[in-house]
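Student: Hey, can we go through a protein model together? I'd like to start with what's inside.

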Amino acid sequence: MSTPCCVSQLACCCGTAACSCCCNCCPKIKQSTGTRCMYALYFLLVTVICGIMMSPTVEQAMKDNIPFYSELCEKVNAGENCKTLVGYSAVYKMCFGMACFFFFFCILTLRIKNSIGCRAAIHNGFWLLKFIVLAGCCTGAFFIPQEETFLEVWRYIGAAGGFFFQLIQLMLLVQFAHRWNTNWSITPGTSGVKYNRMWYAALALVTLILFSIAVGAVIFMGVYYTHPEACLLNKIFLGINGGLCLIISMLAISPCIQKLQPKSGLLQPGVISVYVMYLTFSAFSSKPKEMIEIDGQNKTVCVFPFNSGSESDKKIVTSLGAVILLACILYSCLTSTSKRSSAALRVYRTSEPETERARCCFCFGDDTDDYEEDNTTSGQSVVYDEEDGTIYGYSFFHFVFFLGSLYVMMTVTNWFHYDNHRIEQLLEGSWSVFWVKMVSCWVCLFLYMMTLVAPLMCPQRFEA
């Protein structure tokens, strides 16, 4: 590693300079993208630690591999065999520290218009100091008094924050689907079908795959999560959610919608339908088990068909939730909240021509703008793209990660209830969690439906 690169990394960690790789063969990176990736890296680091804390083998591995384990736990006041450093309470405390970190920066970065200024410099630099602050917040959470009261109150706050983050996930999915459809479909200029007819085939194939997954999920849940003599709610809600997905799909390609939104297609409802089916499966898996008498024996019905349904469906729900969460974080870092993408999310029709090229990695965006570029170091070039104005809302960015911290806490612990502090309660169903996830389905469908019918109700507002 060369001396200039070491100096630049030191300036990044302890100063206001933007972070970049030391390898000069790496493509140039925008300051706005690098900053968001660094915060996402912090977020993912704490998420991985929370996942490790939830692993049932961690405590045993520490006992086997750490010398004088019991004595060390007593010296650091971590309880017998470091019980406070593993399990659900540890995850709650870690996520509390991370949530406090992002909430602080949400307040600090209010009303920042460009990257010039003290608060913007703190947001875009001083990464080592911010890492120390994050570590301090997470560590300090383990010394909160009245643990039982804290865990109970924080659980309800986490449930509310996780619900709102699910709505933000939908907004990101809608924006992602719109950009995807716009980039690959017929658009003016050189994008999509007019550039290469193969993009139309790719768009049709992906849409077919998405609807195949959604229909397959409906069939799977209809076969294994319903029963002729039980599970009435499963039958009703599966029919309602499947019917609503069909309605939004037909509405998206209806002539009245196509007249005001010619770029509306089946890709967007396909993405929404798959997400709604995941939420439905998650709700069914979170519902208390039902038992009926069959041939003189009590049997559990409407559960995951493999591995006796004991915990397989819970693991699938938790894994899918983590994948969706990480995908939304990655997308929020790669894409920029520009006027064009905001207009897409609000279904505004803009008069700006679409000049974006059709490509697989459309999230990165075209580098068509000229910005000041830092070539003073021997490493990766940094483009300072926010001196005239911010590319994204700093405060809202941190607020989303604040809600994401709460969602991680609830997802990793599978929306765990601290009833009598029994770990066995994790695999038992909860009606409150069932209704939260089911209502999330309906709110998601309602919000997407509103993006379709809003131009019909207020046509003047959406005119170009």
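Student: What should I know before we start?

Tutor: This is a predicted model, where local features need pLDDT of at least 70 and side-chain atom pairs count only at pLDDT 80 or more, while totals for chains, interfaces and linings use all residues. Residues are numbered from 1 along each chain as its sequence is written, and side-chain values use heavy atoms, with hydrogens and water left out.

Student: How many residues does the largest nonpolar core have?

Tutor: It has 85 residues, and Phe102, Ile272 and Phe284 have the most contacts inside it. A nonpolar core here is a set of buried Ala, Val, Leu, Ile, Met, Phe, Trp, Tyr and Cys residues joined through side-chain atoms within 4.5 Å. Buried means under 20% relative accessible area, exposed over 50%, and partly exposed in between (1.4 Å probe, protein chains only).

Student: Which helix gives the most to this core?

Tutor: Helix H8, residues 147-184, with 12 residues. Helices are DSSP runs (H or I, at least four residues), numbered from the N terminus.

Student: And what includes Cys231?

Tutor: A second, separate core of 5 residues, which also includes Ile292, Val301 and Cys302. Cys231 is buried, with a relative accessible area of 1%.

Student: Where does Cys231 lie?

Tutor: In the loop between helix H10 (198-224) and helix H11 (232-252).

Student: Is Phe126 buried or partly exposed?

Tutor: Phe126 is partly exposed, at 23% relative accessible area.

Student: OK, rings now. How many aromatic pairs are there?

Tutor: The structure holds 31. Rings of Phe, Tyr and Trp (its six-membered ring) pair if their centres lie within 6.5 Å; planes under 30 degrees apart count as stacked, over 60 as edge-to-face and the rest as tilted. Take Tyr39 and Phe105: they are edge-to-face, 6.2 Å centre to centre with 65° between the planes. Tyr39 is in helix H2 (residues 31-54) and Phe105 in helix H5 (residues 88-108), so the pair ties together parts that are 66 residues apart in sequence.

Student: How buried is Tyr39?

Tutor: Tyr39 has a relative accessible area of 0%, and Phe105 is buried too, at 4%.

Key. Helix = DSSP H or I, 4+ residues; strand = E, 2+ residues; numbered from the N terminus.
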